[in-house]
Amino acid sequence: MDHYYTIKRREETLLKVEGSKFIAEAYPVFTPEEAEEYLRAVRKAYYDATHHCFAWALGEHRETFHYSDDGEPSGTAGVKIFSAVQSAKMSDILIVVTRYFGGTKLGVGGLGRAYFDAATEVLKRTESVMRIPVIELTAEVSYSFVTPVMNLCARNDVAIDRADYAQDVTFRLLVPVERAEACARQLIELTNGTARVTTGARLTRSVL
């Protein structure tokens, strides 16, 4: 089964290097807009800091990402934070490292190590959560098949995201990608061909 990991909740740590303070914060995020919202909050909370460097990555293969040195020498901050994310094999994550300058210049090498170490340390404090790619299936069935459908889902690691009860019952199911076609067939067979099954978007969901 394809999968990757993110973090369960926000974490924070503090690293001191030659008088400078590096406050590293890690957040689970799932959209660029969410990452930007957290960044604005961090900048507001630490409005008097020297720099707010960051990296965020989204998706199964970290295919969507962005990082910034926020005024630090090029290549010393954002890419180092992103390297820590890659080393930890994490995604759907934002790490912000806020620096308060302590009066002693660290040099390019020392500065890069400080940002990488700060990001690495906050990642060590996090609790990871597995995320798996899923296909959204919508299945409309009669009430007589509600229990069999629920049992099928339980046996096959299919999440029931929502169930709408009207004249019939419409389930919104999140099915692991590799099982989506088989699950659609099973739903139709289970209901003697009466289920109306529609394939939707490719998403991800957390597995606790």
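This tour moves through the structure one selection at a time and states what is found at each stop.

The model is predicted, so local features require pLDDT of at least 70 and side-chain atom pairs count only at pLDDT 80 or more, whereas totals for chains, interfaces and linings use all residues. Residues are numbered from 1 along each chain as its sequence is written, and side-chain values use heavy atoms, with hydrogens and water left out.

**Helix 1**

Select residues 32–45, which form helix 1; helices here are DSSP runs of H or I with at least four residues, strands are runs of E with at least two, and both are numbered from the N terminus. The expected span is 1.5 Å times one less than the number of residues.

Within helix 1, colour Ala-35, Leu-39 and Val-42, which are buried. Buried means under 20% relative accessible area, exposed means over 50%, and partly exposed lies in between (1.4 Å probe, protein chains only). Viewed down the axis of helix 1, the buried residues fall within an arc of 65 degrees, so they line one face of the helix; the arc is taken from the directions from the helix axis to the C-beta atoms. An α-helix has 3.6 residues a turn, so residues three or four places apart point the same way. On the other side of helix 1, Glu-33, Glu-37, Arg-40, Lys-44 and Ala-45 are exposed.

Next, display strand 3 (20–28), strand 4 (51–58) and strand 6 (93–100), which are among the elements covering the buried residues of helix 1.

**Salt bridges**

The whole structure holds 14 salt bridges, each defined as a side-chain nitrogen of Lys or Arg within 4 Å of a carboxyl oxygen of Asp or Glu.

Select Arg-10 and Glu-25, whose closest N and O atoms are 2.8 Å apart in a salt bridge. Arg-10 lies in the loop between strand 1 (4–7) and strand 2 (11–17) and Glu-25 in strand 3, so the pair ties together parts that are 15 residues apart in sequence. Arg-10 is partly exposed at 36% relative accessibility, while Glu-25 is buried at 3%.

Move to Arg-131 and Asp-92, which meet in a salt bridge of 3.0 Å, N to O. Arg-131 belongs to strand 7 (residues 128–141) and Asp-92 to the loop between helix 2 (78–87) and strand 6, 39 residues apart. Arg-131 is buried at 8% relative accessibility, and Asp-92 is buried at 3%.

Then select Arg-172 and Glu-136, joined by a salt bridge of 2.3 Å, N to O. Arg-172 is in strand 9 (residues 169–176) and Glu-136 in strand 7, so this pair ties together parts that are 36 residues apart in sequence. Both Arg-172 and Glu-136 are buried.

**The loop at Glu-60**

Centre on Glu-60, in the loop between strand 4 and strand 5 (64–68). Beyond its neighbours within four places in sequence, Glu-60 is in contact with Tyr-4, Pro-133 and Arg-202, contact being heavy atoms within 4.5 Å. The C-alpha atoms of Glu-60 and Pro-133 are separated by 7.6 Å, although the two residues are 73 residues apart along the chain.
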